[in-house]
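Hello,

As promised, I am handing over the structure we talked about. Please have a look at it, and then read on for what was found in it.

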Amino acid sequence: MARTKKTANGASAPPTTDTLVTESDTTTRALLTISTTQSATASDIQRDEVKVNNANVTELKNACDDALKRFLSRPDLFKQIHLHTDIRLALGWAGVFVAAGTTFYGWKVDFEQSKPVMWAGLILYMVLTTLQTLYAYFIEGDIIFVGKRKTFDKRIVTERITLSSRTLPSTPQKPPHYSLSVIYLRSSGAGKSLLGKGRVDGSRGYNAFFDESGVLDQARFEGWVGELVGKVMEDDAE
């Protein structure tokens, strides 16, 4: 219960703002955190300049993706999960080791004798490479950030957020757009009990974030990302 203060005539004064924030629910705290971070972003945080070629849409998208990861992986927001990257790297390195081992075996052993192992190594290498490609295309897809954090609101609550991005091509009426999809899940009991979920999509023209020289306005971009993340959390709380 929020604490109150007695005035001179004995009446109770309204609860203080600090107390209300402290006792707000998990989702509200998350929204306040992102909002506060955005405010600090504009004036307090010094960043390295990000400059790309305005004519190269791939560079524009990659710059936005990297800025998004830096923003959301801050200690007061989410811990980034690198599962997709780890799986692709594991498959890639496995293919490298198979190729290296097969080559070394073929060099040490007579050619005719090494044929079965060489064929097996070649097939295994092709399988691993194919799996890596299929995983990146069908499972990872456009996902650029997966993050989670644990909070305590009468119980341990896990919040998980997944963001996917892509470029919407330009048309005669509008320039190319950066499209972002945000999926938010809130659960407890090690993910066994789903407390809520939400999704929100948004897009902005690259010219809203990059100036004529190709310099990224990181404060404006982070503000837009924070707005989308805050909206999906707010929708889940309703």
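**What was found**

Arg 160 sits in strand β3, residues 156-168; strands here are DSSP runs of E with at least two residues, helices are runs of H or I with at least four, and both are numbered from the N terminus. Before going further, please note that this is a predicted model, in which local features need pLDDT of at least 70 and side-chain atom pairs count only at pLDDT 80 or more, while totals for chains, interfaces and linings use all residues. Residues are numbered from 1 along each chain as its sequence is written, and side-chain values use heavy atoms, with hydrogens and water left out.

Back to Arg 160: its relative accessible area is 35%, so this residue is partly exposed (buried means under 20%, exposed over 50%, and partly exposed in between, with a 1.4 Å probe and protein chains only). Arg 160 belongs to a surface patch of positive charge together with Lys 79, Lys 148 and Lys 150. Patches take residues with over 30% relative accessible area and no salt bridge, joining like charges within 9 Å and nonpolar side chains (Val, Leu, Ile, Met, Phe, Trp, Tyr) within 5 Å. Lys and Arg count as positive, Asp and Glu as negative, and His and the chain ends are not counted; a charge is placed at NZ of Lys, CZ of Arg, CG of Asp or CD of Glu.

**The overall layout**

The protein has six helices and five strands, in the order α-α-α-β-α-α-β-β-β-β-α along the sequence. Of its 238 residues, 34% count as buried.

**The annotated spans**

An unreviewed UniProt entry carries the annotation "transmembrane region" for residues 89-107 and 119-139; the positions follow the numbering used here, feature names are shortened, and annotations may be inferred rather than shown by experiment. In the model, residues 89-107 are 100% helix and 0% strand, with end C-alpha atoms 27 Å apart. Residues 119-139 are also 100% helix and 0% strand, and their end C-alpha atoms lie 29 Å apart.

Trp 93 is in helix α4, residues 83-108, and counts as exposed because its relative accessible area is 51%.

**The salt bridges**

How many salt bridges does the structure hold? There are seven, each defined as a side-chain nitrogen of Lys or Arg within 4 Å of a carboxyl oxygen of Asp or Glu.

Among them, Lys 61 pairs with Asp 65, with 2.7 Å between the closest N and O atoms. Both lie in helix α3 (residues 57-72), four residues or about one turn apart, and both are buried.

Glu 140 and Arg 88 form another salt bridge, at 2.5 Å from N to O. This pair links distant parts of the chain, helix α5 and helix α4, 52 residues apart. Glu 140 is buried at 12% relative accessible area, whereas Arg 88 is partly exposed at 26%.

Best wishes

Methods. Accessible areas come from the Shrake-Rupley method with a 1.4 Å probe; for residues, only the protein chains shown count as cover.
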